[in-house]
Amino acid sequence: MHRDQVKSTTIRKVQNESATGSSTSSRIRTTLKIVVESIHFDIQACALRLKGKNIEENQYAEWDTISLERIELACDPSQNADVAAVIMQEGLAQVCLITASMTLLRSKIEMSIPKKRKGFVQQHEKGIVKFYEAVMQGILRHINFDVVKCVIIASPGFVKDQFFEYMNQQAFKNDIKVLLEHKSKFILIHSSSGFKHSLREVLQDPAIISRISDTKALGEVKALEQFYTTLQLEPSKAFYGYNHVEKAAEALAVETLLISDHLFRAPDVVLRKKYVTLVENVRNAGGNVKIFSSIHVSGEQLTQLTGIAAILRFPMPEIEDDDEYIDDNSDSD
């Protein structure tokens with residue numbers, strides 16, 4: 001449907017940052033062109049208000065390197081999910097796709113299954129079959145086996161094994177070729193529950209890491225695992241929080257920077273630029289940067305550590321000992 005486009009002058013507040021880091025703001029007149037989404041007439045002010053998205057570049061709009069990279073990645077078809085996971089327990093299953101930047105929940109199956117007790121055995125078995133069938137259909141609908149290299153099926157107990165047996169029987173019985181041809185891509189593993197948060201433990205399991213070592217989803221998971229290992233064994237080479245990490249970056253000591261993308265969405269423009277500059281400085285010094293999505297299971301875990309962490313090239317115990325650089329987490333909220 002065609003939408004009206006309107007071009008008009010308007011007043012906007014612009015924030016500028018000086019070389020010393022201080023910021024000033026001013027009100028400027030600029031021209032915006034929008035696609036009209038809604039119209040409201042303010043009777044008291046006798047004014048017509050138009051709401052819509054800007055569709056034309058102007059001299060006050062700025063895209064930083066991080067934003068441009070994220071757009072490029074999102075538009076790159078090679079970034080399609082190549083790992084899938086079915087996290088399940090009796091009566092609950094979640095079919096997820098895992099990309100390099102996020103975990104996407106594609107289907108959630110919830111069913112009430114009668115308990116297996118005297119007089120209800122048949123109802124229980126019917127309920128289980130109905131549940132397994134729904135999970136199998138969720139896999140067929142949402143997993144592209146031409147792209148996916150590995151399908152993880154995880155559950156507590158024997159639910160995963162019983163489901164996998166049911167699915168194979170149905171695939172053979174009904175000649176479901178896509179399941180028969182890609183049977184080797186499935187891997188069964190224990191999880192503590194059928195809830196999404198169990199993906200974190202599953203993706204850190206050595207058996208899973210070995211199996212999906214050639215997939216794009218593994219990079220951030222391995223980096224976070226390496227950070228925790230370093231923090232435990234060599235604490236003077238692993239730090240989190242902006243102040244500590246920035247101090248290490250100044251010393252060109254950051255080997256790997258782990259940072260959550262939610263920091264680049266801070267309402268404060270100056271704060272956003274601070275994190276972008278840190279990323280650029282680490283890269284210019286030859287460091288590796290891993291940008292985590294706040295909606296990925298590994299990103300959720302990093303967010304609990306203020307959203308920013310670093311593994312260093314060499315120990316810097318002076319950072320650990322200097323109270324001046326202790327974070328108050330104010331920068332990461």
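The model is predicted: local features need pLDDT of at least 70, side-chain atom pairs count only at pLDDT 80 or more, and totals for chains, interfaces and linings use all residues. Residues are numbered from 1 along each chain as its sequence is written, and side-chain values use heavy atoms, without hydrogens and water.

**Surface patch**

- Ile39, Phe41, Ile43, Leu48 and Leu50 make a nonpolar surface patch of about 540 Å² (residues with over 30% relative accessible area and no salt bridge, nonpolar side chains joined within 5 Å; Shrake-Rupley areas with a 1.4 Å probe; a salt bridge is a Lys or Arg side-chain nitrogen within 4 Å of an Asp or Glu carboxyl oxygen).
- At least two patch residues come from each of strand 2 (23–42) and strand 3 (47–54) (strands are DSSP E runs of at least two residues, helices H or I runs of at least four).
- Isoleucine 39, in strand 2, counts as exposed because its relative accessibility is 59% (exposed is over 50%).

**Cavity**

- The structure holds 1 cavity of 30 Å³ or more (points on a 1 Å grid where a 1.4 Å probe fits but cannot get out; lining residues have an atom within 4 Å of a point).
- The largest cavity has a volume of about 40 Å³ (the space filled by probe spheres set on the points).
- Its lining consists of Arg200, Leu203, Gln204, Val221, Leu224, Val297, Ser298 and Gln301.
- Helix 5 (198–203), helix 7 (218–233) and helix 10 (297–303) each give two or more residues to this lining, and helix 10 gives the most, with 3 residues.
- By class, the lining of the largest cavity has 4 nonpolar, 3 polar and 1 charged residues.

Definitions and conventions. Patches are made of residues with over 30% relative accessible area and no salt bridge: like charges are joined within 9 Å, nonpolar side chains (Val, Leu, Ile, Met, Phe, Trp, Tyr) within 5 Å. Buried means under 20% relative accessible area, exposed over 50%, partly exposed in between (1.4 Å probe, protein chains only). On a 1 Å grid over the protein atoms alone, a cavity is a set of points where a 1.4 Å probe fits but cannot get out, and a pocket is an open set with protein on both sides within 12 Å along at least five of seven lines; lining residues have an atom within 4 Å of a point. Ala, Val, Leu, Ile, Met, Phe, Trp, Tyr, Cys and Pro count as nonpolar, Asp, Glu, Lys and Arg as charged, and the others, Gly among them, as polar.
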